[in-house]
Amino acid sequence: MQASKQHRSSGMSKRLHYQPMQEVEAYCLPPFRVLDHQPPYNESSQSTHSTAQSFRERYCTLESSSANGSYNTLYNSPSTVSFSPNGSPVSQHDQDSHYQYHSPDQTYGSSISGSCITDDATDFKYKLKELETAMLGDSNIFDNYCSSLQNGASNTRPEVDSWGQIMDSISKKDLNQVLIFCAKAVADNDLLMAQWMMDELRQMVSVSGEPIQRLGAYMLEGLVARRASSGSSICKALRCKEPASSELLSYMHILYEVCPYFKFGYMSANGAIAEAMKDENRVHIIDFQIGQGSQWLTLIQAFAARPGGPPHIRITGIDDSMSAYARGGGLSIVGKRLSKLAEMFKVPFEFHAAAISGCDVQLENLGVKPGEALAMNFAFMLHHMPDESVSTQNHRDRLLRLVKSLSPKVVTLVEQESNTNTAAFFPRFVETLNYYTAMFESIDVTLPRDHKERINVEQHCLAREIVNIIACEGVERVERHELLGKWRSRFAMAGFTPYPLSSLVNATIKTLLKNYSDNYRLEERDGALYLGWKNRDLVASCAWKCKPGTN
């Protein structure tokens with residue numbers, strides 16, 4: 001009997017990851033196409049200055065937003081930012097906007113930050129100079145700052161050594177260090193110093209440059225957005241229309257293909273589910289953020305190849321309205337694609353749609369039936385749930401307790417390995433800078449720097465969350481990552497114990513990484529898998545089961 005179980009598990013694991021995707025993409029994924037996307041521009045703002053008006057016709061601006069979902073207040077901003085032809089942000093004023101956030105395979109029902117860039121390579125430097133003069137006047141920011149120091153207007157005058165370090169970093173064009181100095185000035189509310197350093201940074205960043213230059217452009221957006229606000233009213237946006245749903249989905253697909261982060265997360269979670277369900281006849285998987293449903297393609301095929309025949313599979317997909325936008329329709333699209341795939345592989349299949357956000361999930365939404373073996377999947381989702389530091393409802397822990405009450409056989413967790421949840425602004429900025437530097441470097445080895453789709457991928461799939469982490473606070477900040485150590489504490493308090501991952505999953509992911517850069521590394525520590533770039537952990541994956549005697 002034991003040998004039979006091992007054979008069944010091994011057979012499923014082999015089928016789990018080595019599947020030619022071409023044969024199923026027609027059923028489950030929209031066709032990929034190379035896009036010639038021209039970013040839209042803002043036509044809503046008016047200016048009495050003709051040069052500024054001409055400039056706005058070509059560039060999108062960073063500004064206040066009115067948003068749906070977790071955002072429900074309109075804020076007005078005195079300062080905005082745009083990209084110049086070389087990709088550097090330029091300050092602008094007095095406009096409004098609205099935007100939403102999307103991430104590969106998933107979109108979230110929260111309105112946060114975005115960015116907009118231009119494809120125009122024409123030299124507009126003289127127009128930029130005219131615009132800056134029109135908005136900032138002829139006086140030099142640096143001179144104003146020094147004058148204010150002499151007049152005692154600033155209580156945060158830097159020490160001589162610190163000032164020397166700032167000037168040295170600027171002269172060496174050490175973008176990483178200048179960003180940190182600028183963030184410190186923003187944290188200290190030293191507005192004149194922050195403004196001067198932002199002007200210096202605009203000459204150093206570029207959305208088509210080196211990884212740190214591209215990341216720096218979006219970090220600078222976040223700093224400008226934060227400085228333009230006050231108190232808990234920090235919620236900034238860029239005046240950019242969302243791309244068409246087919247384009248957005250295409251950008252997600254590109255990121256999914258060029259970086260192994262999402263494949264790693266899905267493969268490791270699927271491996272744990274396949275192992276836990278190898279002897280079950282009726283399997284119910286509840287995916288708390290199903291997105292496009294692509295995680296389940298290989299798992300359905302793996303169950304189809306199971307010795308003794310596949311189980312009956314039911315998938316409940318929890319969703320939100322913004323994911324529907326990226327798909328170009330509701331959850332029925334996901335259900336039809338997965339149903340067609342299951343039919344092709346002769347797997348008994350049902351799909352249950354729950355078109356609500358994670359914060360609204362209650363027991364009755366999950367459609368649990370007697371006799372089913374339950375698997376719960378939290379892939380890149382829980383960090384969007386507000387915890388006790390944001391709301392007394394604490395949906396992050398509430399969901400875990402709800403799941404525990406159902407006695408699932410396995411619960412899978414995949415999250416970014418970053419600490420941005422409760423950290424104060426300045427350490428959160430430094431953490432974000434370090435984390436996304438590694439991610440942008442990893443993208444750089446796959447897509448050329450002048451690749452138009454690369455710019456769109458970074459703009460629409462990554463920049464939004466970066467700006468949200470930096471610019472927003474309170475309920476407006478929905479990007480709240482935690483390290484795996486903190487997730488372990490939450491799961492333990494909810495009544496779970498670690499579920500060991502199969503060694504076959506580890507071996508299969510190592511095979512996957514052979515298709516990518518040698519700088520990616522996979523580590524197994526304390527029963528969890530970590531995927532990193534060089535010496536930085538980026539994604540962690542683990543599985544959990546109910547503690548004996550706790551139900």
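Modeller: Let's start with the core, then. A nonpolar core is a set of buried Ala, Val, Leu, Ile, Met, Phe, Trp, Tyr and Cys residues joined through side-chain atoms within 4.5 Å. Keep in mind that this is a predicted model.

Biologist: Which residues touch the most other members of the largest nonpolar core?

Modeller: Leu223, Leu255, Tyr261, Val410 and Phe429, out of 105 residues in that core. Helix H11 (residues 261–276) supplies the largest share, 10 residues. There's also a second, separate core of 30 residues, with Met385, Leu399, Leu484 and Trp544 among them.

Biologist: What is Leu223 in contact with, leaving aside its neighbours within four places in sequence?

Modeller: Leu179, Cys182, Ala183, Val186, Met198, Phe425, Phe429 and Ile470.

Biologist: How much can I trust the prediction: what does the pLDDT average?

Modeller: The average is 77, and 68% of the residues score at least 70. Over residues 17–104 the pLDDT is below 50, though that stretch has 291 contacts in the model beyond near neighbours in sequence. Residues 230–241 are also below 50, with 60 such contacts.

Biologist: What makes you say H9 is largely enclosed by the rest of the structure?

Modeller: Buried means under 20% relative accessible area. In H9, 16 of the 17 residues are buried, so the helix counts as largely enclosed. H9 covers residues 211–227 and reaches 24 Å from its first C-alpha to its last, close to the 24 Å expected.

Biologist: And how do you know that the span of helix H8 agrees with 1.5 Å a residue?

Modeller: The expected span is 1.5 Å times one less than the number of residues. For the 12 residues of H8 (residues 191–202) that should be 16 Å, and the end C-alpha atoms are 16 Å apart, so the two agree. H8 is mostly covered too, with nine of its 12 residues buried. Those include Trp196, Met198 and Asp199.

Biologist: On to charges. Why is the pair Glu473 and Arg428 called a salt bridge?

Modeller: The rule wants a side-chain nitrogen of Lys or Arg within 4 Å of a carboxyl oxygen of Asp or Glu. The closest N and O atoms of Glu473 and Arg428 are 2.5 Å apart, so by that cut-off the pair is a salt bridge. Glu473 lies in the loop between helix H17 (452–471) and helix H18 (484–494), and Arg428 in helix H16 (residues 425–444), so the pair ties together parts that are 45 residues apart in sequence.

Biologist: Are Glu473 and Arg428 buried or exposed?

Modeller: Glu473 has 17% relative accessibility, so it counts as buried. Arg428 is buried as well, at 1%.

Biologist: How many salt bridges does the rule give?

Modeller: The count comes to 25. Asp387, Glu388, Arg396, Asp397, Glu482 and Arg490 are linked in a network of salt bridges.

Terms used
Residues numbered from 1 in each chain as written. Predicted model: local features only at pLDDT ≥ 70, side-chain atom pairs only at ≥ 80, totals over all residues. Heavy atoms only, no water. Buried < 20%, exposed > 50% of the residue type's maximum accessible area, 1.4 Å probe, protein only. Helix = DSSP H or I, 4+ residues; strand = E, 2+ residues; numbered from the N terminus. Contact = heavy atoms within 4.5 Å. pLDDT = per-residue confidence, 0-100.
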